[in-house]
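Student: I would like a close look at one part of this complex, the place where two of the chains meet. Please take me through it, and then through what lies around it.

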Amino acid sequence: MSGRKLEPFTVFSIIGVGLAVLCCAIPFWMIISGSFTSESELATTGYSLFPDFDFTAYEMIFTGPAVLDAYLASVFITVVGSALSLAVTSGLSWVIARRVPGISRPLTVFSYLPMLFSGGLVPLYLLVTQYLHLQNSYFSVILPLLVMPFLVFVQVSAFRQLPESIFESAKIDGAGELRMFFTIALPLSKPILAVVGLFYAVHYWNDWFMALLFIDDVHKFPLPLVLQNLISNISFTQMLPQLAETATPVYQLRLALTTVAIGPILLAYPFAQRYFVKGITLGATKG
Amino acid sequence: MSTLKTRHESRTSPPSGPPARERRTRGKVTGRTSWSVGLLALPAVGFFLVFNYLPMAGLVVAFKEFDVNLGIFGSPWNGLANFAYFLESGDAARILFNTLFLNVLFLGATLAAGILLAIMLNEIRGTFFKRASQSVVFFPYFVSPVVISIILQVLLAGASGGGGAVNDAMAGFGLPTVDWYTEPGPWPWILTVVKVWQLGGYLSVIFLAAITGIPEEVYEAGMIDGASRAQMAWRITLPLLKPTGAVLLVLGVGRIFYGDFGTIYAIIGDNGTLFENTDVIDTYVFRALRQLGDFGTTAAIGLFQSVVGFILVVIAVLIQRKYSKETSIL
Amino acid sequence: MSNPTMSRRGLLAAGGGLSVAALLAACSSQPKAAGNQAGGALALSLLLPGDVPAGWDAVLAEVNKKLQADLGFTIKPQFIPWTSYGQQALLKFTAGEKFDTALQARWLNMTQLAASGSIVELSSLLSSGKYPNLTATIDPKIIELNRWSGKLYGVPQINSVARFHHFSIRQDLADKYGMSDITDFAGLEKFWYDVKQKNKDITPIGLNSRLPKLLVAWNPVGWLNPYMWDNPTMSLASFTGESLNFVLAADGKQTGSSHPIPFWEAPGMMDALRLVRKYYQDGLFNKNALTLDSKALDSQFKAGRVATAWAMTDGLSSAALPELTKNVPGAMIANVMPLKGGANAKPYQTFQSDNFVVLNAKGQSNGKAMQLQDWASIKENHDLLNYGIPGKDWNPVGDDKYEKVSTYTFPGFALAWRAKLERRIKEMTESEAKWFDWAQDIDNFTVDPYASFVPDPEPVKRENAQVTAAMTQFANPLFIGAVDVDQGLDKLKKALDRAGLAKLQAEMAKQADAYLKGQ
């Protein structure tokens, strides 16, 4: 297989991917490089391809209140949240994917409607603060985001791609539905579990809005909320008084914040990538 | 080389079922087992009930004259007045058109980009380059809209508000320069490029996972038939990505009346010269209501977007079931 | 591939168990925590905008120590990012939360909250005589002018008596071009064209996305409207900050008729529109004016890329100087107020405060919230809140100036701005000091005949929302000169007519006439 000559399509693909990589890598580099470039330089040119090792913005971020606390909070929310979400989503997706008469179809509609209809901010706020009393608990960030209908359907479609013959034979072997789920479906679905888990992780890692709504203790802010505070702290209206600030590096700070937020996810990505290997062959099931 | 290795690995660990035993039931799931399988969905059902369906009671505010002090349920009814506000405004037709047009562009372009990128990435075999490029194309998803807006301004206007990298390049080719930030024409396309940049890599991950689910034997059979890589991508990979693509498409259709507020507002903001081609329902509503804080009207417009989206989804699902039953989500 | 299947199943089971346990724990434990609070010492809860100041923990500890000793309660401020502040504050009012004070303003939701009775009317509290420090630091005339139809809905937070926007220019450049002292609009215009010709890399006038509406028809004067700088005696009013400005009749008090007209019908407005169009075409503005955010523009000014910045009589334009001189050695800033007649012009002024501290009607204790306002009116406390810990965050320079030594920045306008107590930054230039002093004296101004007229948008809510949307779309491009004046104005008028301009104008006339009658 490896000895074959390169086919035109492969060459085309390499060039295509190469271009896509360039389109993403150059801005990426501009952000990282810019985050190490002095503010006056950035304000003049707007970008920088060669950093001049100016750490002002990072000093500001890491000496600010509670950035380390914020990292820990975010890690907790992301890890616990993704694990819960993945477990709950997998269960639901399996039931939908199995096309159980009288259950799967209503369940599909039931799971899809929340993607379209929402009661809005006020009822959710009242629910979480006045009925569940979750203020300042990290579960106030995790629970409202627990299941994303979008990812449910991604997972359903992956479950449905598993060859029916495996389950037929497992059933003949006397396996129950639960058993098939845990011992066959899940192990065979590693790539999609990795993807869905990754997407949930990304989702939790990026979320600042729930935290903004429900967490008011500064020391419990997750990272994205801290960053959002800094990045969006531009006067919303001119009527708002300017404050006597000591030179805040605006451009540099925004780029540095982006870098700080992206870092951990980029580290997590290769970890998930590990599972993107062929996990199934027809031959194995026929045997 | 690596293909061989992965195949070898998976062969060695087949899913091991329990020893064969006689059972009468076969084929469709029976009543008893279906009840037990339903248990798996219970946590999710509970979640939806509490965090989604319960708060939906708040939708009544769309039909009320909202008063801060009286709250959602205490405020007086006002019929359809909240809906009239948007639909009767002279801009409704243009904004609805923009919303539809931009979202169709975004949806089509990002899905196509995701599929193309996934297929091309799949062609590159187990090298460092493949892994690194996957990470790199995924990264734009994490760039906050504020930063995207900064990058765009550098490209289109330059830091000092005159020139910009794109204009410099165009001047280099002898083309006339453009005042991008006061010229509405190109913006639907600029925004589409931004969306593709943002989501192409993200979506490709989903398709890549679907591609890994395709049994290697299918490709081997193709190879024996003497198919080229391009033919196999076209005839084997692409059709097998159809179910996933169809699901994403249907899900996208349901949200087609929602603008992508975060990105569009960060980039366009209050730049009125560009609204002609870029103003969508969400940005319009935000702009008109930010100083009134009227939850009633906001809810009414949200409900309108949902209902229209719902109708479109029902139509999409019906079409799907008629022409391509196996990809239907229902 | 080495992980056995069992462990994965275990993991999932554990995950499920965890979720149930977590739910139960979360549901059962929280009410207790909520109960604790009510029983213990009182901590006033405050809503503040912006990010948490650097070194906040230390300042808060010090504030609470003093507060506990002086008044027997503490504060628990909550910082909300700017971009979400309006929505979040409104949400908390709607949910009936028991926080005590918040920043509110007409540009937030103050009129709506006042109308629904969500915020406390302060007249009786303020006149009770229990808050002597507060009443001593706010001019009674200011209080009077900030009553809406006779009612006071918040404590005005101001650091200068009058607010008058003007220009902060690069004096070193002006010197270079031989213009040592610019005092009028013509001088400014010459300066801008000189900059354009002689310094290709410097934008003559820096505009950010929040400025367009201030350029032509604005109260007290349009920033780039020479007619208004010469005749700063026009009364303007709008239902909400981003909506259409009407010009009200100057002789309304005599005739009893306010006769509001849309801004373009007033004298000087068309000329100003044509002027900004010329400036735009001559390249005096940055091309991305409608998109650039204010902080980014500040940063460019500090980098020496912009020759003129928007300035307010808040004594803060000179704050850019240290950073600017670092980047451009020898740079100087001067504040220019191109009023005809200079400091003796006696322009109109409404004295309307841009920011108020309001008391939540459902707060824990309105009396204690007022005590806090009173406490913050004592110089030592005021300084602690606004500038941080002496010696660590700032050093006093004389009695009325200070030197910043840390990056501590507190949103004082949301809690503790008192015009009489504000310290000036050490770097304040002579020209800025001159205009800052000028703005502190109420007698340098003429009280606008419509000074405390605050229109209520409620009866024309929908029309106003649509007019607001049309203004952003069609008027802002006109105000920065990005479109042809005649065509642009034509489009604007059509859009406003569709949106309900006539109804808005009639309602404005009705309310303004009623106001005149009540005077």
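Tutor: Between chain A and chain B, 99 residues of chain A are in contact with 89 residues of chain B. On the side of chain A that touches chain B, the biggest contribution comes from helix α1 (residues 8-35) of chain A, with 16 residues. By type, that side of chain A consists of 65 nonpolar, 25 polar and nine charged residues. This is a predicted model, and the predictor assigns the complex an ipTM of 0.83 and a pTM of 0.83.

Next, the nonpolar core. The largest one has 337 residues, and helix α10 (residues 187-212) of chain B gives the most to this core, with 14 residues. Val276(C) and Ile480(C) are the residues with the most contacts inside the core. Leaving aside residues up to four places away in sequence, Val276(C) touches Leu215(C), Val216(C) and Leu224(C), and also Phe479(C), Ile480(C) and Gly481(C).

Chain C has an average pLDDT of 88, and 92% of its residues score at least 70. Among the elements of chain C, strand β8 (residues 261-262) has the highest mean pLDDT, 97, while helix α1 (residues 5-39) of chain C has the lowest, 40. Over residues 1-39 of chain C the pLDDT stays under 50, and for this stretch the model has 28 contacts beyond four places in sequence.

Note on methods: Residues numbered from 1 in each chain as written. Chains lettered and ligands numbered in written order. Predicted model: local features only at pLDDT ≥ 70, side-chain atom pairs only at ≥ 80, totals over all residues. pLDDT = per-residue confidence, 0-100. Helix = DSSP H or I, 4+ residues; strand = E, 2+ residues; numbered from the N terminus. Contact = placed C-beta atoms within 7 Å. Nonpolar A, V, L, I, M, F, W, Y, C, P; charged D, E, K, R; others polar. Core = buried A, V, L, I, M, F, W, Y, C linked by C-beta atoms within 7 Å. Buried ≥ 20, exposed ≤ 12 C-beta atoms within 10 Å, placed from the backbone.
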